[in-house]
Amino acid sequence: MDPLAAHAERTPDAPALIEGERALTWRAFVERRNRLANALRGLGLARGEHVIIWAPNSLEAALAPAAIRAAGAIPVPMNHRLVADEALYILDHSDAAAVFVGDAFVPLAEQVRAGAAKVRRWILVGAERRPWAVHVT
(Lines give C-alpha, C1' and ligand atoms only; values in the text may rest on other atoms or scores of the structure.)
Protein backbone atom coordinates (compact mmCIF):
# COMPACT_ATOMS: atom_id res chain seq x y z
CA MET A 1 0.00 0.00 0.00
CA ASP A 2 1.14 3.52 -0.81
CA PRO A 3 -0.10 5.75 2.03
CA LEU A 4 0.81 8.99 0.22
CA ALA A 5 -1.13 7.97 -2.90
CA ALA A 6 -4.08 6.86 -0.75
CA HIS A 7 -4.10 10.21 1.03
CA ALA A 8 -3.82 12.03 -2.30
CA GLU A 9 -6.87 10.13 -3.55
CA ARG A 10 -8.89 11.20 -0.51
CA THR A 11 -7.74 14.85 -0.47
CA PRO A 12 -6.18 15.60 -3.88
CA ASP A 13 -6.51 19.38 -3.71
CA ALA A 14 -5.52 19.88 -0.08
CA PRO A 15 -2.09 21.40 0.50
CA ALA A 16 0.65 18.84 1.16
CA LEU A 17 3.66 21.15 1.31
CA ILE A 18 3.92 24.92 1.64
CA GLU A 19 7.10 26.97 1.31
CA GLY A 20 6.50 30.70 1.34
CA GLU A 21 4.42 31.44 -1.74
CA ARG A 22 4.98 27.99 -3.24
CA ALA A 23 2.71 25.08 -2.44
CA LEU A 24 2.02 21.55 -3.64
CA THR A 25 -1.32 19.80 -3.32
CA TRP A 26 -1.34 16.13 -2.39
CA ARG A 27 -2.11 15.24 -6.02
CA ALA A 28 0.84 17.33 -7.28
CA PHE A 29 3.13 15.97 -4.57
CA VAL A 30 2.44 12.33 -5.48
CA GLU A 31 2.69 13.06 -9.22
CA ARG A 32 6.08 14.80 -8.77
CA ARG A 33 7.26 12.05 -6.41
CA ASN A 34 6.40 9.40 -8.99
CA ARG A 35 8.07 11.29 -11.86
CA LEU A 36 11.21 11.79 -9.78
CA ALA A 37 11.26 8.14 -8.66
CA ASN A 38 11.00 7.03 -12.30
CA ALA A 39 13.78 9.46 -13.26
CA LEU A 40 15.99 8.03 -10.50
CA ARG A 41 15.41 4.51 -11.80
CA GLY A 42 16.19 5.80 -15.30
CA LEU A 43 19.51 7.15 -14.00
CA GLY A 44 20.38 3.62 -12.90
CA LEU A 45 19.56 3.88 -9.20
CA ALA A 46 19.07 0.36 -7.84
CA ARG A 47 16.86 -0.88 -5.02
CA GLY A 48 18.61 -0.57 -1.67
CA GLU A 49 21.21 1.99 -2.77
CA HIS A 50 21.84 5.02 -0.58
CA VAL A 51 21.04 8.53 -1.78
CA ILE A 52 22.21 11.56 0.19
CA ILE A 53 20.03 14.64 0.52
CA TRP A 54 22.29 17.67 0.96
CA ALA A 55 19.87 20.55 0.74
CA PRO A 56 18.26 23.15 2.98
CA ASN A 57 14.58 22.84 3.85
CA SER A 58 12.49 23.32 0.72
CA LEU A 59 9.73 21.67 -1.26
CA GLU A 60 12.39 19.80 -3.23
CA ALA A 61 14.18 18.63 -0.08
CA ALA A 62 10.88 17.25 1.22
CA LEU A 63 10.05 15.63 -2.12
CA ALA A 64 13.45 13.95 -2.54
CA PRO A 65 13.19 11.35 0.28
CA ALA A 66 9.67 10.38 -0.79
CA ALA A 67 10.88 9.82 -4.36
CA ILE A 68 13.99 7.98 -3.20
CA ARG A 69 11.84 5.60 -1.14
CA ALA A 70 9.40 5.16 -4.03
CA ALA A 71 12.36 4.18 -6.22
CA GLY A 72 13.30 1.54 -3.65
CA ALA A 73 16.42 3.33 -2.45
CA ILE A 74 17.37 4.65 0.99
CA PRO A 75 17.43 8.40 1.69
CA VAL A 76 20.30 9.64 3.86
CA PRO A 77 20.22 13.21 5.19
CA MET A 78 23.45 15.24 5.23
CA ASN A 79 24.16 17.79 7.94
CA HIS A 80 24.17 21.32 6.55
CA ARG A 81 26.97 22.47 8.85
CA LEU A 82 29.71 20.23 7.48
CA VAL A 83 32.99 21.56 6.11
CA ALA A 84 34.52 20.04 2.97
CA ASP A 85 36.61 17.34 4.71
CA GLU A 86 33.65 16.17 6.80
CA ALA A 87 31.31 16.14 3.79
CA LEU A 88 33.82 14.16 1.76
CA TYR A 89 34.26 11.62 4.56
CA ILE A 90 30.50 11.04 4.72
CA LEU A 91 30.16 10.86 0.94
CA ASP A 92 32.99 8.37 0.78
CA HIS A 93 31.80 6.20 3.69
CA SER A 94 28.03 6.22 3.19
CA ASP A 95 28.05 4.10 0.02
CA ALA A 96 25.93 6.81 -1.59
CA ALA A 97 25.21 6.14 -5.26
CA ALA A 98 23.71 9.61 -5.73
CA VAL A 99 23.52 12.97 -3.99
CA PHE A 100 20.75 15.56 -4.17
CA VAL A 101 22.42 18.97 -3.82
CA GLY A 102 20.60 22.21 -2.99
CA ASP A 103 21.86 25.55 -4.29
CA ALA A 104 23.48 26.51 -0.99
CA PHE A 105 25.76 23.46 -1.14
CA VAL A 106 26.78 23.52 -4.81
CA PRO A 107 30.10 25.35 -4.12
CA LEU A 108 31.01 22.79 -1.44
CA ALA A 109 29.93 19.92 -3.69
CA GLU A 110 32.24 21.26 -6.39
CA GLN A 111 35.11 21.11 -3.90
CA VAL A 112 34.52 17.52 -2.83
CA ARG A 113 32.96 15.73 -5.79
CA ALA A 114 36.26 14.66 -7.37
CA GLY A 115 37.14 12.81 -4.15
CA ALA A 116 33.72 11.17 -3.79
CA ALA A 117 34.50 8.33 -6.17
CA LYS A 118 31.56 6.11 -5.16
CA VAL A 119 28.94 8.75 -6.06
CA ARG A 120 27.68 8.02 -9.59
CA ARG A 121 25.12 10.81 -9.88
CA TRP A 122 24.94 14.38 -8.63
CA ILE A 123 21.41 15.81 -8.78
CA LEU A 124 20.78 19.55 -8.40
CA VAL A 125 17.45 20.53 -6.88
CA GLY A 126 17.51 24.33 -7.07
CA ALA A 127 18.19 27.00 -9.66
CA GLU A 128 21.89 26.15 -10.05
CA ARG A 129 23.08 24.29 -13.15
CA ARG A 130 26.42 22.55 -13.55
CA PRO A 131 27.71 20.33 -16.36
CA TRP A 132 28.67 17.60 -13.85
CA ALA A 133 25.12 17.17 -12.56
CA VAL A 134 21.58 16.49 -13.68
CA HIS A 135 18.88 18.93 -12.63
CA VAL A 136 15.44 18.09 -11.29
CA THR A 137 12.54 20.31 -10.31
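This is a predicted model: local features need pLDDT of at least 70, side-chain atom pairs count only at pLDDT 80 or more; totals for chains, interfaces and linings use all residues.

Helix α2 covers residues 26-42 and contains both Trp-26 and Phe-29. These two residues are three apart, about one turn of the helix. A pair of aromatic rings is described by the distance of the centres and the angle of the planes. There are three aromatic pairs in the structure. For Trp-26 and Phe-29, the ring centres are 5.9 Å apart and the planes stand at 80°, so the pair is edge-to-face. The cut-off behind that label is an angle over 60 degrees.

The next part is the open sheet. Five strands build it in the order β4-β3-β5-β6-β7, and the pairing is parallel. Its edge strands are β4 (74-77) and β7 (134-135), each of which pairs on one side only. Strands of a sheet pair through backbone hydrogen bonds, either parallel or antiparallel. Within this sheet, β5 and β6 run parallel and are joined by four bridges. Ala-98 stands opposite Arg-121 in β6. Helix α3, residues 59-70, lies across β3 (50-54), β4 and β5, and its direction makes an angle of about 175° with β3.

The loop between α4 (84-93) and β5 holds Asp-95. Most residues other than glycine have a negative phi, and most peptide bonds are trans. Asp-95 is not a glycine, yet has a positive phi of about 60°.

Rolling a probe the size of a water molecule over the atoms shows where empty space is left. The count comes to two cavities of 30 Å³ or more. The largest cavity has a volume of about 50 Å³. Its lining consists of Leu-40, Leu-43, Gly-44, Leu-45, Ala-97, Ala-98, Arg-120, Arg-121 and Ile-123. The elements that give two or more residues to this lining are β5 (96-101) and β6 (121-124). Sorted by class, the lining of the largest cavity has six nonpolar residues, one polar and two charged. Ala-98 and Arg-121, the opposite residues named above, are both among the residues that line the largest cavity.

Technical notes. Residues are numbered from 1 along each chain as its sequence is written. Side-chain values use heavy atoms; hydrogens and water are left out. On a 1 Å grid over the protein atoms alone, a cavity is a set of points where a 1.4 Å probe fits but cannot get out, and a pocket is an open set with protein on both sides within 12 Å along at least five of seven lines; lining residues have an atom within 4 Å of a point. Grid points are joined across faces, edges and corners, and a volume is the space filled by probe spheres set on the points. Ala, Val, Leu, Ile, Met, Phe, Trp, Tyr, Cys and Pro count as nonpolar, Asp, Glu, Lys and Arg as charged, and the others, Gly among them, as polar. Two strands pair if DSSP finds at least two bridges between them. Contact means heavy atoms within 4.5 Å. Axes are lines fitted to C-alpha atoms, for helices over the stretch in contact, and angles run from 0 to 180 degrees between N-to-C directions. Rings of Phe, Tyr and Trp (its six-membered ring) pair if their centres lie within 6.5 Å; planes under 30 degrees apart count as stacked, over 60 as edge-to-face and the rest as tilted.
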